[in-house]
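Thanks for coming. I will go through one model, starting with a term we need. Please look at the sequence and the structure first.

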Amino acid sequence: MRIGGAAALVTGGSRGLGAALGGELARRGARVVLVARGGEPLERAAAAIRAAGGEAHALVADVADKEAVYPLVGAATALVGPIDLLVHNASALGPVPLRPLAETECEDLSAVLEANLVGPFRLTKAVVGSMVLRGAGLVLGVSSDAAVTGYPGWGAYGVSKAGLDHLARTWAAELAGTGVHFLSVDPGEMDTLMHAQAMPEADRSALADPRAVAGRIADIVENAESFASGSRLEAASWRSAG
Amino acid sequence: MTPAAWPRPGSAPRRLLHVDPVRGALADRRIEDLPELLRPGDLLVVNDAATVPASLAGAIRGSPLEVRLAGPGASPAEWTAVLFGPGTWRQRTEDRPPPPELRPGDRIDFAGGLAAEVLRVSPVSPRLVELRFTAAGGDLWPALYRAGRPVQYSYLAGPLALWHVQTPFGSRPWAVEAPSAGLVLTVGLLQSLRRRGVRLAPVAHAAGLSSTGEPRLDALLPLPERYDVPPETARAVAAARARGGRVVAAGTTVVRAIEAAAGSGGRLTAGPGVTDLRVGPGYRPVAVDGLLTGLHEPGTSHFQLEAAFAPPALLEDAFHHADKEGYLGHEFGDVSLILAA
């Protein structure tokens, strides 16, 4: 899809990959709405984009909150117009340090699923009808290696991301031929606050810079139609994989 | 006619009364029959305005009042509004006490720190005002969504949530009441229509209040309303007419937007506008051939609009037939399609 002139809504936009991707989309000409729970880092991320000459708006919302969905979509659309690109980037890890499933509280699993799976489902539902009507749009879910491999301690998160991938596949099957595209992207391991919370002992020098990953994801967005809708891609390797 | 007292999910069964103005015939159908009632090459135009939570509980000089936004004004922070005295949606609007008297420059305070200044008071009624919110842009919208709740009327069974008043394809938040013909058009139905060869296109129209409870004000409805016809939609209307397809409006707001944007030859001028067009008996539509809408009682402004598409006697028969057959009325009710077979 063409990023220049597109209206993009990026959840989890206050820091890490979300802030970097919002910046990259704005640099390529998108009108960007960043969404996160926290006001101050979110406003800083939007201000940094504006300072660099891009268009960015900050909206405070918790994507896990059912009541927040239509106010968020309404406010975003009032600011940038009908949403062309929806990026589900906000994620909850659940309690850290990460713990095995046998020691995961049911309520903690539910909270992770609300943030990473049910929230994106609601948000997609609120946006996708407008995309179907206009015959175009891209919904991109930020996934994880943990969606396909069962890593000890990553159960709740991994299950939620596997669910998010499968939501994309199912939306893609149901809305085939409408012009609306769905993709899941595994960004790989990045030097972010979330990674530090999950794996504090990791060697940061071996982790990717989220800004570099954001550039690759923006390339994927620009080439979205070349991938089958519902596909799962790895940001690090999609170029070579074609 | 019995009103639908609660929203029905998009997938719930809905009845559709087909009113054929050429044959003068009525037929009981269902909403899922819509694709076969339209022809390949027809164009269905929908209103893609999202619905604002336009009822705001406020106070002026300590006295409570309810502000119902009636439509967006000249700038994003300015709105036309109708005021009510203390009370709730559970009372009939005609039973609500008047609001405190307002003057230009007065300030109304709402929940969460939102406030508005009264810019003008209408000479027609002290309840019709123009306001400017003190917040703007990225601050105004979240504040409005926090302070407001959906406008609703006393025939409903309980308080509405914001999602109850959204169509599946709502986009810019301009409507103060749900553009209700769109509530029956599920994403699945849009796909069925496309498979049938029916084209789809949006306009945005700031659907206004359907009732104020004050006869002088109700006589003014619909107030001038904002609309926007995307260039793609103007082209889609021209293409439909060129291939002999019909242009069917999903909702009375779509009729007003398209007819307002249409020149005498039926060609639409794309872009935003404000319309005070009144469509009624004797009005000859230049661009719209048919209408999907609710079931409207004779005498109402919606019924008057329908009369531009079918003889009033046939529409009265249709209403009484629907009433006898148990069709449900109002925004969450059943629908009719006024279109030649």
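A residue is called buried if 20 or more other C-beta atoms lie within 10 Å of its own, exposed if 12 or fewer, and partly exposed in between, with C-beta atoms placed from the backbone. This is a predicted model, where local features need pLDDT of at least 70, side-chain atom pairs count only at pLDDT 80 or more, and totals for chains, interfaces and linings use all residues. Residues are numbered from 1 along each chain as its sequence is written, while chains are lettered from A and ligands numbered from 1 in the order in which they are written.

Take A:I83. It has 25 C-beta neighbours inside 10 Å, so A:I83 counts as buried. A:I83 sits in the loop between α3 (69-80) and β4 (85-88) of chain A; helices (H or I, at least four residues) and strands (E, at least two) are DSSP runs, numbered from the N terminus. In sequence A:I83 and A:M131 are 48 residues apart, yet their C-alpha atoms are 7.6 Å apart in space. Beyond four places in sequence, the contacts of A:I83 include A:L9, A:A76 and A:V127, where contact means C-beta atoms, placed from the backbone, within 7 Å.

The axes of α4(A) (residues 106-134) and α5(A) (residues 155-174) come within 9 Å and cross at roughly 20°; axes are lines fitted to C-alpha atoms, for helices over the stretch in contact, with angles from 0 to 180 degrees between N-to-C directions. Among the residues making the contact are A:L113 and A:F121 of α4(A), and A:L164 and A:W171 of α5(A).

Methods: Two residues are in contact if their C-beta atoms, placed from the backbone, lie within 7 Å.
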